[in-house]
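Visitor: I'm new to this one. Could you show me how to read it?

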Amino acid sequence: MRPETGAMGETPPPAGRVLRYALGPADRLAFAVLPRELTLWEKLRLLVIVGVAGLSAGMLPEDMGRLAWWASAAAILVVGGAGAILWSNIEVRRKAAALGVPEGEVELEDCGDYLQERAADGVRDVSSGDIAQVVVTAGHVFIRAGDRPLIVPAAAFAARAEMEAFARRWEAASRAGTH
């Protein structure tokens, strides 16, 4: 099978190539904050927090001075909004910590039709058919595969073009179901 070419005729990195890099909490957090649709529970939680703030503001006594009432209502709503933001931030950090992504030194080998991740916590093979999505950001290539993503920092690549070619290769392989 002919290798796919990327922009300007470049070919993706060859099979057998090993990427070496270190992962830490910041890498997990970078994955956890990727844009995604909120779950029903997350929407409900935010609605309850903002709703309680709205109800609290609505329960302010009407015999307050107009300026005092508006200042109190604004303060309650700001605290409610800050609470929603704080809760969301804590939840993102909790999810990042629970990702199960290895921490420390990692080797990722391109084995042609699958990727092999080797770290202190063991070896994991990810076939192209297991890949649900490949996302490239300024600092990472994220490969969504099951419950545990592959996270490859930009520092693992010699150049941005190499990083993008790697991502294109595995995105195309995931659509084809095989590489």
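Guide: Here is a short tour of a helix pair and some strands. This is a predicted model, where local features need pLDDT of at least 70, side-chain atom pairs count only at pLDDT 80 or more, and totals for chains, interfaces and linings use all residues. Residues are numbered from 1 along each chain as its sequence is written, and side-chain values use heavy atoms, leaving out hydrogens and water.

Visitor: At what angle do helix α2 and helix α3 pack?

Guide: Two packed helices are described by the angle between their axes and the distance between the axes. Here α2 (residues 40-58) and α3 (residues 66-97) pack at about 160 degrees, with axes 8 Å apart. Helices are DSSP runs of H or I, at least four residues, and strands are runs of E, at least two. Axes are lines fitted to C-alpha atoms, for helices over the stretch in contact, and angles run from 0 to 180 degrees between N-to-C directions. α2 and α3 are therefore roughly antiparallel (over 145 degrees).

Visitor: Which strands does β6 pair with?

Guide: Strands pair if DSSP finds at least two bridges between them. Strand β5 (residues 133-136) runs antiparallel to β6, joined by 4 bridges, and Val136 stands opposite Val141 in β6. Another 4 bridges join β6 to β7 (residues 150-153), also antiparallel, with Ile143 opposite Leu150 in β7.

Visitor: And what links the strands β5 and β6?

Guide: A hairpin, through 3 residues. The hairpin of β6 and β7 has 5 residues between the strands, and there Gly146 takes a positive phi near 70 degrees.

Conventions:
Angles under 35 degrees count as roughly parallel, over 145 as roughly antiparallel, 65 to 115 as roughly perpendicular and the rest as oblique.
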